[in-house]
Amino acid sequence: MRRTLNESMKVLLLHSNDIHSRLEQAAKMAGYIADQRRVYGSDRVLVVDCGDHMDRMRLETEGSDGLVNIELLNAAGYEAFVPGNNEGLTYPMGSLAESLGKRARFAVLGANMRVMATGERPEWLQPGTIVKKGGLSIGLIGVTAAFADFYKLLGWQVTDPLEAVREQVRAMRSHTDVLVVMSHLGLPLDRRMAEEIEGIDLILGGHTHHLLEEPLVVGRTTICAAGKFGERIGRVEIGLDPAGSRPVFRAECVPVAAFPEDAAAAGIIGSYREAGERRLSRVIARLDAPLPASTERESPLGNLLAAGLRRHADAEIGIVNAGQLLGGLAKGDVTAGQLHALCPSPINPCRMKLAGSLIRQALEESLLDEFTAMPIRGFGFRGEVLGALAVDGLDIVYDPDGPDYGKIRSISVNGSPFDERRQYVVGTIDMFTFGVGYKSLREGREIRYYLPEFIRDIVADCLGDPDLISRSRQKRWKAVGT
């Protein structure tokens, strides 16, 4: 795509967000970026990413601890990057120090991120930076979503992003011609930022996967965002108003589906695919018999995961949705790559106290097709549908022909009668605490999250325990008359 900048335009800003390891899309973007640099010159083109590039659902990313993503950003000539929650919450700080600290050839921006132990930012992380392009001084400020409770478990102190932006605007405004916030906060906070903080010219957004085919203008601030999964790249032509020397923008989102993949980027993906396959080929267990999985009903692998969550949390009950598992395990060797393929979601275990009445509600919903077949998107979930509930520590007798929310005849907890008034300690997953799927499970108290372990790590640990494997084949859900 070749086009001419308006005479008043001085810089072409290209921006991406929420690629989520759609690496082939990143390779197509790389080709487009290279083409734009050939047309306009590197001194007039600025390229940035607003986070959630390094999604561990992809084999190449999982197998390289995100290095494939960094190499693609480097090769495409990105100049600034904001860590999203897929970077900050799915990689330990040491891994980020290796990838973003040692391997990145671009500025890594996080104005509201500090190391908890020191209260300082690591050397590789800056609150903002100023770049010179086309005769303009362009200030870039980066902020990420403040999942403070989760970040704390990985050693990060993540503060109010709007306060961090306000501080950086005060520090940078007088030194820049154009002030840009690279935001991994989501559209509601981007709007609020534009309304409440003076001095921001442009906000580039991400996190909520919003696509702004036409930019929003709030007061004197323009807001842009390019959707999700690398389907589009954002394009902003920047100039100065001759009358008032204020920046002016012409923005759009360019679909990349028809672009060819950049050859160098495709080569990077291929080399990391081979390395990832080798790394994830390690055998972590050997099964004497298969462990099937089902999203619609009770299955041994689902039961095993529920038992592992219960054990990990030292809980009375384990509960997880079967949709987390994309397939079962065959007899024989089980590799790390198999577990990654069957359980790719970056979802963490958690522990909570939950009233028996709320547990019963979720169990009743697990017998309804509208829940088990419910499509789920986001919140770390990488499956297709919610699935039935897999449990451990519970024995449930139900009538499949009973009325909705009245199918369950009896429940026992580790051999004792179930008490709807009692608070039970439950080992489960963080996704439920966000109010996804079985919404009664969001009402837990005294919640404790476990990071950096994912639920596939829980499965891997369970595969080394013959007793848990044997018990996983015992039915927890029993229909009357069977």
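**Pockets and cavities in a predicted model**

A word on what we're looking at. This is a predicted model, where local features need pLDDT of at least 70 and side-chain atom pairs count only at pLDDT 80 or more, while totals for chains, interfaces and linings use all residues. Residues are numbered from 1 along each chain as its sequence is written, and side-chain values use heavy atoms, with hydrogens and water left out.

Now the overall build. The protein has 16 helices and 26 strands; these are DSSP runs numbered from the N terminus, with helices being H or I of at least four residues and strands E of at least two. Its radius of gyration is 25 Å, close to the 23 Å from the globule rule for 482 residues, so the protein is as compact as a globular protein of that length. That radius is taken over C-alpha atoms, and the rule is 2.2 Å times the number of residues to the power 0.38. The C-alpha trace spans about 80 × 45 × 45 Å along its principal axes. Of the 482 residues, 59% are buried, meaning under 20% relative accessible area (1.4 Å probe, protein chains only). And among contacts between residues at least 6 apart in sequence, 74% join residues at least 24 apart, a contact being heavy atoms within 4.5 Å.

So where's the empty space? Rolling a probe the size of a water molecule over the atoms shows where such space is left. On a 1 Å grid over the protein atoms alone, a cavity is a set of points where a 1.4 Å probe fits but cannot get out, a pocket is an open set with protein on both sides within 12 Å along at least five of seven lines, and lining residues have an atom within 4 Å of a point. Grid points are joined across faces, edges and corners, and a volume is the space filled by probe spheres set on the points.

Pockets, then. The largest has a volume of about 860 Å³. It has 32 lining residues, with Gly378, Phe379, Gly380, Phe381 and Arg382 nearest its centre. That lining splits into 13 nonpolar, 11 polar and eight charged residues. For the classes, Ala, Val, Leu, Ile, Met, Phe, Trp, Tyr, Cys and Pro are nonpolar, Asp, Glu, Lys and Arg are charged, and the others, Gly among them, are polar. The second largest pocket holds about 430 Å³, and of its 18 lining residues, Glu296, Arg297, Glu298, Ala388 and Tyr398 lie nearest its centre.

On to the cavities: there are two of 30 Å³ or more. Which helix gives the most to the lining of the largest cavity? That's H1, with four residues. This cavity has about 50 Å³ of space, and its lining is eight nonpolar residues, one polar and no charged. Leu23 is itself buried, at 0% relative accessible area.

The second largest cavity has about 30 Å³. Strand S15 (residues 247-255) gives the most to its lining, with three residues.

Technical notes: Buried < 20%, exposed > 50% of the residue type's maximum accessible area, 1.4 Å probe, protein only.
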